[in-house]
Amino acid sequence: MAEPARRLEAPEAVAAAPVSGPGSAAAPAQPALDLESRIGKSKLDIAGSFQLIASQHGRSYNQVLVEIAKLAFGPGKLKVDEYLDLGLYDDKALAGQDKRSFVGLDVMRQIWMTVNHKTEWYGLLEHKLAATTLLAGFGFPTIATRALYSEEYALPGIRTLATADALASFLRDAGQYPLFGKPADSLQSIGSVSLAGYDADRDSVVTLNGDSLPVTTLTEEISSAYKGGYIFQGRLDPHPAIEAICGQRLATCRIVTVRTETGVEVLRALWKIPAGRNVADNFWRSGNMLGQLDMASGRVVRVQRGAGVLAQEPETHPDTGAQMIGFTIPDFAGLKATACAAHSVFKDVNLIGWDMASTAAGPVIVEPNITPDFFLPQVVDRRGILDEPMKALIQRCKAAKAATSKVDAKQYRAEQRARRNRVTSAALKG
């Protein structure tokens, strides 16, 4: 099950060179693929945070500890690092929000499993290729898949690379670029790579940052870690207005949709903003930002970089200097409408987090998430996810799950009786 990263480090200085097109073939400073999950690996300095809270917010050590204890036993079951990362010590910024409506990872898991209690949908929605292929078959705009590396299965409708040699040959085909690669069961953008082209002289692929990666190195990393499936997609160009701010990267909107009694609606929406050398927009990557959006217009009203006491609120993008506050997401209404319409395909799923890209050609579905990270909207909106609409959804789903369980139990008992009757009848005839 895909889960959110636990949690961000302080906003560190990122490499000075922003993402650009192919450039000099400088050696990368890290392995080709980032394969390490951030779940449960917060580097938060708790002692230092308490000192800063006292000096910047006038709250004593004991006051904060008492509040943490209350929230730990409250509805959100918040841990110390979650309390600090969400900035719940800052009464002024929260402006009277009910802190008990903020939830930690343990309660997130409970919400996911309660709201999306039809567990047979998890396998489909957690397999990115399966989910986007289904959506494309219904006519929704998705990113085209160029090839699938898998040593475990082959798909007749998609070019399948069944061996490491086939993968290397594909990477050496200059006509395939630009490409974006990611695991078929990806989460947190772990294992993803953005490729601009192939350099035959060096037998290397050139990344979006201009780094040069030997084909043999990339092939070895992918084939070792992802024998079960690694997807290569054509790389989309962002909408020109977004490119002017973030460069040649998709800065997606996370749009959370829920199924209500009257249809599918948008619950929350935010903008994920990549920066520095990051090719993916996930917030856990150092330097990336979140934008709070006006839900009606898609206008950016606040931007946050990092979490906790060292969080920053920049107004301009650190790479381009372009203004972010006041920027309006292109065709925000179309992004919301597409997400809601696509949700209707998954009729028994009540909660989906969509990564939606705004392009010159219109809205595009990057991927759906059946276990959306509630940390993102909570931290950027400064508002807990356990509000009245979410509580109502949880209660409806609990009732539906209980009713389903009764029907399943009744059906099971009927099947058992029928089986006993068949056995008895066969015994009498014998």
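This is a short walk through one structure, taking the sheet, a few helices and loops, and then the salt bridges.

Okay, ground rules before we look around. This is a predicted model, so local features need pLDDT of at least 70 and side-chain atom pairs count only at pLDDT 80 or more, while totals for chains, interfaces and linings use all residues. Residues are numbered from 1 along each chain as its sequence is written, and side-chain values use heavy atoms, with hydrogens and water left out.

Let's start with the sheet. Seven strands make an open, mixed sheet, and the order across it is β2-β1-β7-β3-β4-β5-β6. The edges are β2 (160-161) and β6 (212-214); each has a single partner strand, so one side of each has no neighbour in the sheet. When I say strand or helix, I mean a DSSP run numbered from the N terminus: E of at least two residues for strands, H or I of at least four for helices. Two strands pair if DSSP finds at least two bridges between them.

Now zoom in on β3. Strand β3, residues 179-183, runs antiparallel to β4, residues 193-199, with three bridges joining them. Within that pairing, Phe180 has Ser194 as its bridge partner, and Leu179 has Leu195. On to β7: β3 and β7 are also antiparallel, over five bridges, and there Lys182 is partnered with Ile231.

How many residues of β3 are buried? Five of its five, where buried means under 20% relative accessible area, exposed means over 50%, and partly exposed is in between, using a 1.4 Å probe and protein chains only. In a regular strand the side chains alternate between the two faces of the sheet. Here, Leu179, Gly181 and Pro183 point one way, and Phe180 and Lys182 point the other.

What packs on this sheet? Helix α8, residues 164-171, lies across β1 (145-149), β2, β3, β4, β5 (204-207) and β7 (230-234), at about 155 degrees to β1. Then helix α9, residues 215-225, touches β1, β4, β5, β6 and β7, and its direction makes about 70 degrees with that of β6. For the angles, axes are lines fitted to C-alpha atoms, for helices over the stretch in contact, and the angle runs from 0 to 180 degrees between N-to-C directions. Contact means heavy atoms within 4.5 Å.

Tyr177 and Pro178 are joined by a cis peptide bond, with omega about 0 degrees, and Pro178 sits in the loop between α8 and β3. Ala95 isn't a glycine, yet its phi is positive, near 50 degrees; Ala95 is in the loop between α4 (91-94) and α5, and is exposed at 64% relative accessibility.

Over to the helices. In α1, residues 46-57, the buried residues are Gly48, Ser49, Phe50 and Ile53, and the buried residues of α1 pack against α2 (61-72) and α3 (80-85).

Thr114 is in helix α5, residues 105-115, and is buried at 17% relative accessible area. A polar atom of the Thr114 side chain lies 2.8 Å from the backbone oxygen of Gln110. Beyond its neighbours within four places in sequence, Thr114 contacts Ile394, Cys397 and Lys398.

Last topic, charges. The structure has 24 salt bridges, meaning a side-chain nitrogen of Lys or Arg within 4 Å of a carboxyl oxygen of Asp or Glu. One of them is Lys79 with Asp106, at 2.6 Å from N to O. Lys79 is in the loop between α2 and α3 and Asp106 is in α5, so that pair ties together parts 27 residues apart in sequence.

So where does Lys182 from β3 come back in? Its side chain meets Glu367 in a salt bridge, 2.9 Å from N to O. Glu367 is in strand β13, residues 362-369, so this pair links parts 185 residues apart in sequence. Are Lys182 and Glu367 buried or exposed? Both are buried.

Finally, there's a salt-bridge network linking Arg59, Glu67, Asp91 and Lys99. That's my tour, thanks!

Key: A polar contact is a pair of N or O atoms within 3.5 Å; within protein, one must be able to donate a hydrogen and the other to accept it, and residues adjacent in sequence count only if both atoms are side-chain atoms.
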